[in-house]
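Hi,

Here is the structure I promised to hand over. Have a look through it first, and then read my notes below.

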Amino acid sequence: MNKSIGIFSLICISFFNTSFGQTMITTNAVGLDHSNTSMYAVSDYSDGFYVTLEDFINKKVTKLNPVERRAIVGFEKKIIPKYVIVDHVFLYTVADQMKLTGVFAVSLDGNLYIQQKNFRKYAVKGDKNEEGNNPNSYHKVLQAGRFFYLEAELANSWSKGFAYGSGGAVGGAIGSSMNLLKGIVFDIVKKEFNVLKDCKDFNEFLTIYQAENLECRNKKIDIVTVRENINKIIK
């Protein structure tokens with residue numbers, strides 16, 4: 001009798017280890033499939049123009065024509081001195097004083113800037129309607145590691161269109177004020193930009209990297225919380 005119980009227990013233990021061990025392996029494999037294990041750095045990109053997304057992926061650099069940073073706000077678009085730290089700029093060519101428009105990314109003085117229009121062009125499904133007021137502006141990569149992290153003032157184009165459509169100065173003011181500073185993740189492997197729109201959306205992103213989800217008391221999420229949690233998973 002005791003011998004039979006011992007054999008039965010051994011079979012149960014063996015089954016438990018095999019079954020649940022396999023479950024653990026599968027769970028880990030799923031995580032690895034979704035999270036990018038390659039590491040990237042701004043310093044990987046030497047100074048110059050990366051004209052297309054493919055150029056950027058392949059680090060194919062075009063000689064940097066002298067450019068200067070200029071402010072996004074204000075009618076005059078004043079030049080920003082090199083010593084001033086700023087995350088959102090227009091880039092103008094020094095030779096002809098023309099706004100740079102057709103370059104995917106620019107590496108300049110140790111910083112990497114990506115043009116806003118690409119956030120929408122290469123957006124993940126569900127983010128195609130996220131847009132800003134300055135598609136030709138450039139936004140600095142703020143953090144790097146498993147992915148690149150940037151920020152920009154964006155809003156849903158459908159909502160903005162509805163506001164502008166109401167007409168008059170009031171409608172224009174409402175539409176232009178709808179932009180909010182949002183975190184943006186650039187997954188280099190997938191060649192996709194993911195706009196972190198709200199708390200639910202951010203939690204879905206955190207799940208990909210097996211990170212603890214946030215408690216969503218309301219739909220909105222502040223940019224400081226986004227930055228803090230990005231910092232935990234990007235390296």
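This is a predicted model: local features need pLDDT of at least 70, side-chain atom pairs count only at pLDDT 80 or more; totals for chains, interfaces and linings use all residues.

**What I found**

Residues are numbered from 1 along each chain as its sequence is written, and side-chain values use heavy atoms, with hydrogens and water left out.

**The overall picture**

The protein chain has 7 helices and 11 strands; these are DSSP runs numbered from the N terminus (helices are H or I, at least four residues; strands are E, at least two). Of its 235 residues, 40% count as buried, where buried means under 20% relative accessible area, exposed means over 50% and partly exposed is in between (1.4 Å probe, protein chains only). Among contacts (heavy atoms within 4.5 Å) between residues at least 6 apart in sequence, 58% join residues at least 24 apart.

Which residues of helix α7 (residues 223-233) are buried? They are I223, V226, N229, I230 and I233. These residues cover an arc of only 130° around the axis, which puts them on the same side of α7; the arc is that of the directions from the helix axis to the C-beta atoms. As background, an α-helix has 3.6 residues a turn, so residues three or four places apart point the same way. The cover over the buried residues of α7 includes β8 (143-144), β9 (148-156), β10 (180-187), β11 (192-196) and α6 (199-208). At the N-terminal end, D222 caps α7, with a side-chain oxygen 3.2 Å from the backbone nitrogen of V224.

Now for α6, where C199, D201, F202, N203, F205 and L206 are buried. What covers them includes β10, β11 and α7. This helix has an N-terminal cap as well: a side-chain oxygen of D198 lies 3.3 Å from the backbone nitrogen of K200. Just after α6, Q210 takes a positive phi of about 55°.

E151 lies in strand β9. Is E151 buried or exposed? At 2% relative accessibility, E151 is buried. Its side chain makes a polar contact of 2.8 Å with that of Y149 and another of 2.7 Å with that of R227. (A polar contact is a pair of N or O atoms within 3.5 Å; within protein, one must be able to donate a hydrogen and the other to accept it, and residues adjacent in sequence count only if both atoms are side-chain atoms.) Beyond its neighbours within four places in sequence, E151 touches several residues, including H88, H139, L181 and I223.

F193 sits in strand β11, and at 0% relative accessibility F193 is buried. Leaving aside neighbours within four places in sequence, its contacts include F104, I114, F119 and F186.

**Loops worth a look**

K60 is in the loop between α2 (53-57) and β2 (67-70). K60 is exposed, with a relative accessible area of 51%. Its C-alpha atom is separated by 6.5 Å from that of Y50, 10 residues apart along the chain.

K77, in the loop between β2 and β3 (88-93), has a positive phi near 55° without being a glycine. K77 is buried, at 19% relative accessible area.

Cheers
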